[in-house]
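Hi everyone, thanks for making time for this. I'd like to walk you through one model today, so let me put it up on the screen.

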Amino acid sequence: MKELLEKILEENRHWTKKGKVATYIPALAKADPKILGITVIDIDGKAVTVGDCDTKFTLQSISKPLALMLALMDKGTDEVFSKVGMEPTGDPFNSIIKLETLRTGKPLNPMINAGAIATTALIEGQSGGEKIERLLEFVRLLAGNKDIRVNEEVYRSEQETGDRNRAMAYFMKDLGVLEADVDQILEVYFRQCAIEVTCSDIAHMARCLANKGNIAGKQIIPHEIVRLTNTFMVTCGMYNASGEFAIKVGIPAKSGVSGGIMALVPGKMGIGIIGPALNKIGNSIAGVHMLEDLSRALDLSIF
Ligand code: DON
């Protein structure tokens, strides 16, 4: 596996020059576009890591499936899906248009920003601080890393510039999709996006999803919630490139604008990737190409 990953990484390194790091959150603009790393952890827990795997990055949208699982465990499917839908959008991840044109104000799915804000609002907790602490504990448990923290600089940067997310949240509050305090919900959402991890952390989390929610014999997440989350990652996880990704790679995956991708092959492995240079959709450009090659080499597509 190590040789294969080294070969795939070197063959795709040139893509990093064709992508661009995210700049709409100013703190993310500091990332080095040349960074590239991949960790694969098989179902028995054996890890292989290649490239810049010690580099820390923020979860960004990779937090969306994690917040979804916690909200589902807290509130159950009926309540969660009364506030957020199950359909892919075909629109960019931060698009606002369907919130109004669909009239209900209910965001189409939990993998886009509006849907994630609605999902985060459902996490249990007396205060914003308690909600984010519960999510952090969940992330630490899944990653097997008790040192995972929020990157305060990235959090502040997003808090200062996240006006489109703010606009969507107020719109959803107006239509009754959000019921709690908007500022508190946004604080939790901005903090969850700023949770700082490595490739190895997200590969561990992905391995738990590949293992039906089980870590070392303990059922951490109910299997039904894992099944549902993996399905969202297939249909909506790579934004408005999810269809092409399903055709070319064929595995559940979730990307973030920091350049991370968390992917998994059910029953086989968890995969973590970092490559901050992004394609036009907002997915790691080299990361997507590496997953294409890995899927072809090991026949990983689940379809
Ligand atoms: O809310 C935002 O715009 C970011 N914190 C997260 C967006 C994101 O990662 C989309 N990913 N491709």
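Let's start with the ligand: one of its oxygen atoms is 2.7 Å from an N or O atom in the side chain of Y189. I'm calling that a polar contact, meaning a pair of N or O atoms within 3.5 Å; within protein, one must be able to donate a hydrogen and the other to accept it, and residues adjacent in sequence count only if both atoms are side-chain atoms. Before I go on, a word of caution: this is a predicted model, where local features need pLDDT of at least 70 and side-chain atom pairs count only at pLDDT 80 or more, while totals for chains, interfaces and linings use all residues. Residues are numbered from 1 along each chain as its sequence is written, and side-chain values use heavy atoms, with hydrogens and water left out.

A nitrogen atom of the ligand has a polar side-chain atom of E158 at 2.5 Å, and an N or O atom in the side chain of Y239 is 2.9 Å from a ligand nitrogen. How much of the ligand's accessible area does the protein cover? The answer is 99% of the 340 Å² that the ligand has on its own, by the Shrake-Rupley method with a 1.4 Å probe; for residues, only the protein chains shown count as cover. Around the ligand there are 15 residues, of which Y24, Q60, S61, E158 and Y189 come nearest; to be listed, a residue needs a heavy atom within 4 Å.

Helices here are DSSP runs of H or I with at least four residues, and strands are E runs of at least two, numbered from the N terminus. F190 is buried, with a relative accessible area of 0%; buried means under 20%, exposed over 50%, and partly exposed in between, with a 1.4 Å probe and protein chains only. Setting aside residues up to four places away in sequence, F190 touches Y155, E158, Q159, G162, N165 and R166, where contact means heavy atoms within 4.5 Å.

Now let's zoom out. The chain divides into domain 1 (2–56 + 197–297) and domain 2 (61–195), with bounds from an automatic or database domain assignment. Their centres, taken over C-alpha atoms, are 21 Å apart, and 34 residues of domain 1 are in contact with 35 of domain 2.

What lies between the two domains? The largest nonpolar core, with 76 residues, lies there because both domains give residues to it. A nonpolar core is a set of buried Ala, Val, Leu, Ile, Met, Phe, Trp, Tyr and Cys residues joined through side-chain atoms within 4.5 Å. L142, I195, M205, I221 and M262 have the most contacts inside it. Apart from this core lies another, of 25 residues, including V48 and M290.

One last stop: N109, in the loop between α4 (97–101) and α5 (113–120). Is N109 buried or exposed? It counts as buried, at 1% relative accessibility. Its side chain reaches the backbone nitrogen of M111 at 2.7 Å, and a polar atom of that side chain lies 3.3 Å from the backbone nitrogen of I112. Beyond four places in sequence, N109 touches residues including V84, P88, F232 and C236.

That's my tour, and I'm happy to take questions.
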